[in-house]
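Please look over the sequence and the model below before reading on.

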Amino acid sequence: MLTRFDTARYVTSIADLAGLNGSQLPAVPEVAFVGRSNAGKSSAINALTNRTRLAYASKLPGRTQTLNFFALGNGRDPATTGHLVDLPGYGFAKVDAATRRRWNELVGGYLIGRPELRGVVLVIDSRRGLMPADEELIGLLCQREPERAAVLHLLLSKVDQINTVQRRAALAALEARARLLPLEATVQLFSAHRREGVAELQQRVGQILSR
Ligand SMILES: Nc1nc2c(ncn2[C@@H]2O[C@H](COP(=O)(O)OP(=O)(O)OP(=O)(O)O)[C@@H](O)[C@H]2O)c(=O)[nH]1
Ligand SMILES: [Mg+2]
């Protein structure tokens, strides 16, 4: 059976907030993928949609600089019922002030103000854990109007790189942090390379899109 994730297709890349407001995108529920540069956002979207190159997974950090929209359908029905949005990464040291300002305006404006945003998948390299820049991003999400509150799904990525004890520790630390957040937050382990946690991610993203 075709799931909504199998029908995912690239729609458009948006470079600034004016472009977002002027876009002809249908107003359907959205889930955004955010995280530090190189955390594994694009790889997570590819794994989620059973594709190898839907969201281009780059080896160069900081490659994605636009909001990249992917449309989800409903089985064979081509009508768009939801969007996945791949956001530019942050926390990459070698970026100039102008790029940083553009990022703040675009991603901050999107996360705080986008009416269609239902939830955010925050991708965190499981070898590093939650970093200050991730906390700042969660802070942006917490600035949304209460009636437009979005949920957070914390994805501990690249768990193929750590052992069982480290996995347990990383999960426990993040769950402890999640419990203290002023928004609904869930946590899971994930590996795009080994396709671990793909079904769990599909289920959670599906739930968030149906909120
Ligand atoms: N070992 C391992 N490496 C991974 C995994 N997922 C992604 N990577 C690697 O991590 C690097 C970054 O992956 P991307 O998916 O491009 O990361 P991103 O967060 O989209 O990066 P930006 O778009 O630059 O912000 C690539 O070299 C991937 O091959 C994983 O599950 N395991
Ligand atoms: Mg990317």
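A residue counts as buried under 20% relative accessible area, as exposed over 50%, and as partly exposed in between, with a 1.4 Å probe and protein chains only. This is a predicted model, in which local features need pLDDT of at least 70 and side-chain atom pairs count only at pLDDT 80 or more, while totals for chains, interfaces and linings use all residues. Residues are numbered from 1 along each chain as its sequence is written, chains are lettered from A and ligands numbered from 1 in the order in which they are written, and side-chain values use heavy atoms, with hydrogens and water left out.

Asn38, at 43% relative accessibility, is therefore partly exposed. Its place is the loop between β2 (30-35) and α2, where helices (H or I, at least four residues) and strands (E, at least two) are DSSP runs numbered from the N terminus. The phi angle of Asn38 is near 80°, a positive value in a residue other than glycine. Asn50, in the loop between α2 and β3 (67-74), likewise has a positive phi, near 55°, and with a relative accessibility of 39% Asn50 is also partly exposed.

If neighbours within four places in sequence are left aside, Arg195 is in contact (heavy atoms within 4.5 Å) with Ala47 and Asn50. Its side chain reaches the backbone oxygen of Ala47 at 3.3 Å, which falls under the definition of a polar contact: a pair of N or O atoms within 3.5 Å, of which, within protein, one must be able to donate a hydrogen and the other to accept it, residues adjacent in sequence counting only if both atoms are side-chain atoms. Arg195 and Leu48 are 147 residues apart along the chain, yet their C-alpha atoms are separated by 9.0 Å. The relative accessible area of Arg195 is 42%, so Arg195 is partly exposed.

How do two packed helices come to be described? They are described by the angle between their axes and the distance between the axes. The axes of α2 (residues 41-48) and α6 come within 9 Å and cross at roughly 90°, the axes being lines fitted to C-alpha atoms over the stretch in contact and the angles running from 0 to 180 degrees between N-to-C directions. The two helices are therefore roughly perpendicular, given that angles under 35 degrees count as roughly parallel, over 145 as roughly antiparallel, 65 to 115 as roughly perpendicular and the rest as oblique. Here Ala44, Ala47 and Leu48 of α2 meet Val198, Leu201, Gln202 and Val205 of α6.

Helix α3 (residues 97-113) has 17 residues, which at 1.5 Å a residue should span 24 Å, and its end C-alpha atoms, 23 Å apart, agree with this; the expected span is 1.5 Å times one less than the number of residues. At its start, a side-chain oxygen of Asp96 comes to within 3.2 Å of the backbone nitrogen of Ala98. The axes of α3 and α4 (residues 132-141) are 8 Å apart at an angle of about 45°, so these helices are oblique to each other. Trp103, Gly108, Leu111 and Ile112 of α3 meet Leu137, Leu140 and Leu141 of α4.

Finally, His83 lies in strand β4 (residues 77-86) and, with a relative accessible area of 1%, is buried.
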